[in-house]
Amino acid sequence: MSINRANVVLSILKGLLLAIALTLLGMLVLAALVVFARISDGLLTALNQVLKLAAIALGVRVAVGRGGTRGFFTGAALALIYTILGYAMYVGLGGGAYSTASMLGEMLIGATAGGLAGAILANLRPKRRRAKTARAA
């Protein structure tokens with residue numbers, strides 16, 4: 001594997017780990033809302049979707065960065081891996097009632113959101129670095 005490919009894989013892994021961490025933290029918050037605020041199933045579903053999209057966006061932000069390269073493909077790949085891992089964990093933990101069509105739909109939405117976020121980030125101007133020392137007057 002060339003160094004460039006290894007860098008892309010490493011950046012996707014870093015973004016994926018951050019997306020997973022945000023998801024786990026968000027799930028704790030959602031569980032607390034269900035128990036203490038007794039939110040409805042519809043609101044829980046909507047908040048879950050927002051959490052997934054936020055996790056993908058943050059993961060892509062870390063993986064691609066401002067002015068990064070291969071933003072669309074990196075973002076879409078990260079989102080697909082994230083979504084596939086999510087469904088694998090869901091099934092592995094005993095959740096068997098899911099629709100294949102909805103799973104594929106979520107994968108498509110996630111990949112679109114990740115690819116779009118990556119493309120936008122890659123086309124932003126990178127931030128300028130500040131000088132570490134002030135010029136002597």
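Predicted model: local features only at pLDDT ≥ 70, side-chain atom pairs only at ≥ 80, totals over all residues.
Q: At what angle do helix H2 and helix H4 pack, and how far apart are their axes?
A: Helix H2 covers residues 41-64 and helix H4 covers residues 100-122. The crossing of H2 past H4 is right-handed. The two helices pack at an angle of about 40°, and their axes are 9 Å apart.

Q: Which residues of H4 are met by H2, and how many residues of each class make up the contact?
A: From H2, the residues Gln49, Lys52, Leu53, Ile56, Val60, Arg61 and Val64 take part. On the side of H4 they meet Glu106, Gly110, Ala113, Gly114, Ala117, Gly118, Leu121 and Ala122. Sorted by class, the contact of H2 with H4 holds eight nonpolar, four polar and three charged residues.

Q: Against which helices do the buried residues of H4 pack?
A: The buried residues of H4 include Met103, Met107, Gly110, Gly114, Gly118 and Leu121. A residue counts as buried when its relative accessible area is under 20%. The buried residues of H4 pack against H2 and H3.

Q: Why does the end-to-end distance of H4 agree with its number of residues?
A: H4 has 23 residues, and at 1.5 Å a residue these should span 33 Å. The expected span is 1.5 Å times one less than the number of residues. The expectation agrees with the model, because the end C-alpha atoms of H4 are separated by 32 Å.

Q: How far apart are the end C-alpha atoms of H2, and which residue just after H2 takes a positive phi?
A: The 24 residues of H2 should span 34 Å at 1.5 Å a residue, and this agrees with its end C-alpha atoms, which are 34 Å apart. Buried residues of H2 include Leu51, Ala55, Ile56 and Gly59. Just after H2, a positive phi of about 75° is taken by Gly65.

Q: Why is the pair of Phe72 and Phe73 edge-to-face?
A: Two aromatic pairs are found in a search of the whole structure. Ring planes over 60 degrees apart count as edge-to-face. The centres of the Phe72 and Phe73 rings are 5.5 Å apart and their planes stand at 80°, so this pair is edge-to-face.

Q: Is Phe72 exposed or partly exposed, and which class does Phe73 have?
A: Exposed means a relative accessible area over 50%, and partly exposed lies between that and the 20% limit for buried. Phe72 has 44% relative accessibility, so it counts as partly exposed. Phe73 has 63%, so its class is exposed.

Q: What is the angle between the planes of the aromatic pair Tyr87 and Tyr90?
A: Both Tyr87 and Tyr90 lie in helix H3 (residues 71-92), three residues apart, or about one turn of the helix. Residues three or four places apart in an α-helix point the same way, because there are 3.6 residues a turn. The pair is edge-to-face, with 6.4 Å centre to centre and planes at 85°.

Q: Which accessibility classes do Tyr87 and Tyr90 have?
A: The limit for a buried residue is under 20% relative accessible area. Tyr87 has 14% relative accessibility, so it counts as buried. Tyr90 has 35%, so it counts as partly exposed.

Q: How far apart are the C-alpha atoms of Ala77 and Gly115?
A: Ala77 is in helix H3. With a relative accessible area of 26%, Ala77 is partly exposed. Along the chain Ala77 and Gly115 are 38 residues apart, while the separation of their C-alpha atoms is 7.9 Å.

Q: What values of phi do Arg38 and Arg70 have?
A: Most residues other than glycine have a negative phi. Arg38 lies in the loop between helix H1 (3-37) and H2, while Arg70 lies in the loop between H2 and H3. Phi is positive in both: near 50° for Arg38 and about 55° for Arg70.

Notes. Residues numbered from 1 in each chain as written. Heavy atoms only, no water. Axes fitted to C-alpha atoms, helices over the stretch in contact; angles between N-to-C directions. Helix = DSSP H or I, 4+ residues; strand = E, 2+ residues; numbered from the N terminus. Left-handed = near helix turned anticlockwise from the far one by under 90°. Contact = heavy atoms within 4.5 Å. Nonpolar A, V, L, I, M, F, W, Y, C, P; charged D, E, K, R; others polar. Phe/Tyr/Trp six-rings, centres within 6.5 Å; stacked < 30°, edge-to-face > 60°. Buried < 20%, exposed > 50% of the residue type's maximum accessible area, 1.4 Å probe, protein only.
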